[in-house]
Amino acid sequence: AIGTGFDESAKRGIATHLLLQFCDLDNLKSSGGESELKRLVANGFISSEDAARVRLREIELFRKSNLFCEMLSAKNIYRELRFNVRLPASAFTADDKKRDAYKDKDILVQGVIDCIIEYADGSLALYDYKTDRLTREELENRLLAEEKLRKKHKMQLSLYSLAVEKIFGKTPSKVEVYSLPLGDTVSMI
């Protein structure tokens, strides 16, 4: 079970990430979210307590998404890719003076990328799952949802994109968050 140092919202997000990390994509496609969640509990990948935190409606939206289709047809998928790379310190600020001051400095960055898809042509796409709650107004007005998600996650995804470039030797052609409440991706480029 997920530790006690997290609030319920964070526990729900972690539980959802566990499902997306360990799920068998073909089984999720054919049997649905509830069945796949039960399989993961039975095999010890997620506790029944944490499984109860997963919003199955959002997993069903995921099953119908373009991202899920891309994952099923991908040449390779890297899920929960841990990385430890040096990135330019200038990438961490929008301030021109600080960028100039930090131009010759690096920062060691560690992180976990939720999903990288490698397509048949060798190109890469970077995806990060987000469980951020969206208001009714944001769910009804996609532009508002996109604005919120970009404002909150653009810096993180730009750093992940630099990490992907260091790891794979090429820049991802897509850098997007997949919003579980929205049931769709939002470009961060």
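# Close-up views of a predicted model

**View 1. Glutamate 80 has its place in strand β1, which covers residues 76-88.** The structure shown in this and the following views is a predicted model. Glutamate 80 is buried, and its relative accessible area is 17%; the limit for a buried residue is under 20%. Leaving aside neighbours within four places in sequence, the residues in contact with glutamate 80 are His17, Gln21, Val112, Ile113 and Asp114. One of these, glutamine 21, is 59 residues from glutamate 80 along the chain, yet the C-alpha atoms of the two are separated by 6.4 Å. The backbone at glutamate 80 can also be inspected here: phi is positive, about 55°, although this residue is not a glycine.

**View 2. Helix α3, residues 33-42, has buried residues on one face.** The buried residues of α3 are Gly33, Glu36, Leu37 and Leu40. Looking down the axis of α3, these buried residues fall within an arc of 100°, so they line one face of the helix. Lys38 and Ala42, on the other side of α3, are exposed. Glycine 44 follows α3 and has a positive phi, near 80°.

**View 3. Helix α6, residues 66-73, has both buried and exposed residues.** Leu67, Phe68, Glu70 and Met71 are the buried ones. Around the axis they cover an arc of only 160°, which puts them on the same side of α6. The other side of α6 carries Asn66 and Ser73, and both are exposed.

**View 4. Cysteine 69 and cysteine 115 are shown in a structure that holds zero disulfides.** Cysteine 69 is in no disulfide, and the nearest cysteine sulfur to its own, that of cysteine 115, is 13 Å away. Cysteine 115 is in no disulfide either; for this residue the nearest cysteine sulfur belongs to cysteine 23, at 9.8 Å. A disulfide needs two cysteine sulfur atoms within 2.5 Å. The surroundings of the two residues can be compared as well. Cysteine 69 is partly exposed, with a relative accessible area of 45%, whereas cysteine 115 is buried, with a relative accessible area of 0%.

**View 5. The largest pocket is lined by 14 residues.** The space in this pocket is about 200 Å³. Of the lining residues, Ser9, Ala10, Arg12, Gly13 and Thr131 lie nearest the centre of the pocket. Helix α1 (8-22) and strand β3 (124-130) each supply at least two residues of the lining. Helix α1 gives the most, with seven residues. Sorted by class, the lining of the largest pocket has six charged, five polar and three nonpolar residues.

Note on methods
Residues numbered from 1 in each chain as written. Predicted model: local features only at pLDDT ≥ 70, side-chain atom pairs only at ≥ 80, totals over all residues. Heavy atoms only, no water. Buried < 20%, exposed > 50% of the residue type's maximum accessible area, 1.4 Å probe, protein only. Helix = DSSP H or I, 4+ residues; strand = E, 2+ residues; numbered from the N terminus. Arc of directions from axis to C-beta. 1 Å grid on protein atoms, 1.4 Å probe; cavity = no way out; pocket = protein on both sides within 12 Å on 5 of 7 lines; lining within 4 Å. Points joined across faces, edges and corners; volume = space filled by probe spheres on them. Nonpolar A, V, L, I, M, F, W, Y, C, P; charged D, E, K, R; others polar. Contact = heavy atoms within 4.5 Å.
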